Amino acid sequence: MKTPLLIAAACLLALLSTVGAALPYPILPPLFAADSANDLNNFLGLPPKLLFGIALSINPLGLLIGSTLLGPLSDRFGRRPILLASAVGAAVGHAITAWALVQQSYPLFIVARFITGLLEGNAPVARAMLADRLEGDLRVQALSWLNGAIYTGWLAGPLLAGLTLGWGITVPFWIAVIALLMAATLIAVALPRETPSTLTTSWLEVARRKHAFHLLRTPSLRQLFIIQLAYTCGVTAFYEFYPLWLVEFAGYHSKGIAWMTAVLCGVMTMSSLLAGRPSQLLPLERVRFHAYFGAAAIAIVGIGNVWLGLAAIILFGFPNAFYNALLPSWCAERFGHHGQGAVMGLISTTFCLANIIMAIIGSVLTLIDTRLILLLGAAMSTWAAWRIGHWQQELAELDSIKVETV
């Protein structure tokens with residue numbers, strides 16, 4: 001099996017899964033803000049904004065659950081079958097979504113979006129696949145490129161929808177169907193069949209007993225979860241509320257926000273291509289440096305100065321891309337014996353959980369001042385960076401004790 005083909009398959013699947021998750025953002029608002037009532041925006045006579053909120057949140061909920069379960073399932077049943085099943089299943093989910101829009105069936109639309117999100121939560125499996133088969137600097141580079149594909153997907157999804165929506169409301173979803181089936185074909189070619197596992201546990205038992213949060217029983221992984229949750233709470237506070245900051249403090253409208261987001265995604269994508277380069281610094285030392293850098297960028301936005309804030313929004317993409325490339329690679333080396341799928345699933349699930357936490361807190365703080373949620377996020381990310389330094393010392397002492405014992 002050729003390594004470039006393996007990396008290309010993982011990156012393409014990550015790109016398309018993210019595109020699928022981001023696809024509806026420019027499609028849904030006009031549907032639920034339409035002047036004339038229809039079966040989608042008037043289901044059971046409920047307020048259109050409530051229906052819109054449910055439709056917008058149901059796919060991320062599926063992503064959260066999928067990120068928790070698909071990684072451990074791939075540890076049990078193999079990366080290839082889980083990646084193939086998730087790619088084909090997500091394609092079917094997009095097809096059902098298109099059919100639901102044609103039929104104006106709100107319940108079917110919600111179910112289709114949830115199932116699609118569940119199956120698109122396969123980024124931990126792709127990361128685990130690369131962690132299994134690659135080592136050293138090549139592993140870091142491959143995980144960096146995978147992150148770059150994910151960032152590109154968040155940009156490409158809305159763009160694809162906007163460019164193809166004129167041909168029909170279902171066209172973007174059918175394009176996603178075709179693309180995911182092509183990705184499944186590439187996976188089938190790039191990944192050899194794996195030796196069947198001798199374990200007899202069912203998928204239901206794996207989902208119940210081996211989900212990503214099961215790892216929190218291990219003290220060191222519990223520390224990883226706490227640190228990662230604190231850092232990603234800062235990141236999600238930034239992601240979720242810098243557009244509101246742009247409106248309130250910089251006077252931006254939808255087009256300006258879209259361009260700023262495009263530039264930010266571009267910086268993260270380009271930074272991801274550089275993150276895998278060798279360094280003389282220890283991995284956790286580099287992670288800590290970029291966590292501090294990211295926290296500083298969030299804090300600068302939170303201060304409220306327009307020009308400094310605009311520069312900080314763009315520059316945030318650099319440390320965040322490096323952090324998200326370096327930490328999974330280090331975790332693969334340190335905790336891979338717990339199951340790469342489960343470990344990568346824990347990292348992805350933590351990010352999804354942080355999204356939910358900061359959305360709830362931010363909905364309250366923004367009633368007072370939008371800057372408060374950004375400053376809180378900066379403080380949490382700063383604490384995470386500080387804690388990484390102390391955790392690094394604790395791990396070094398633990399390793400020293402193990403060596404002396406041996």
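This is a predicted model: local features need pLDDT of at least 70, side-chain atom pairs count only at pLDDT 80 or more; totals for chains, interfaces and linings use all residues.
Among contacts in the protein chain between residues at least 6 apart in sequence, what percentage join residues at least 24 apart? The figure is 84%, where a contact means heavy atoms within 4.5 Å.

Residues are numbered from 1 along each chain as its sequence is written, and side-chain values use heavy atoms, with hydrogens and water left out.

Let me start with the whole chain. The protein chain has 16 helices and 0 strands, these being DSSP runs numbered from the N terminus, with at least four residues of H or I for a helix and at least two of E for a strand. Of its 406 residues, 51% count as buried, and here buried means under 20% relative accessible area, exposed means over 50%, and partly exposed lies in between, with a 1.4 Å probe and protein chains only.

Now to one pair of helices. The axes of helix α4 (residues 79–103) and helix α8 (residues 171–190) come within 9 Å and cross at roughly 170 degrees; axes are lines fitted to C-alpha atoms over the stretch in contact, and angles run from 0 to 180 degrees between N-to-C directions. The two helices, α4 and α8, are therefore roughly antiparallel, a term for angles over 145 degrees. The residues making this contact include Leu84, Ala87 and His94 of α4, together with Phe173, Trp174 and Leu181 of α8.

Staying with helix α8, we also find Thr185 there. A polar atom of the Thr185 side chain lies 3.0 Å from the backbone oxygen of Leu181, and the C-alpha atoms of Thr185 and Leu84 are separated by 8.3 Å, although these residues are 101 apart along the chain.

Finally, is Thr232 buried or exposed? Thr232, which belongs to helix α10 (residues 219–250), counts as buried because its relative accessibility is 2%. Leaving aside residues up to four places away in sequence, Thr232 touches Thr350, Phe351 and Ala354, and a polar atom of its side chain lies 2.6 Å from the backbone oxygen of Gln228.

Note on methods. A polar contact is a pair of N or O atoms within 3.5 Å; within protein, one must be able to donate a hydrogen and the other to accept it, and residues adjacent in sequence count only if both atoms are side-chain atoms. Angles under 35 degrees count as roughly parallel, over 145 as roughly antiparallel, 65 to 115 as roughly perpendicular and the rest as oblique.
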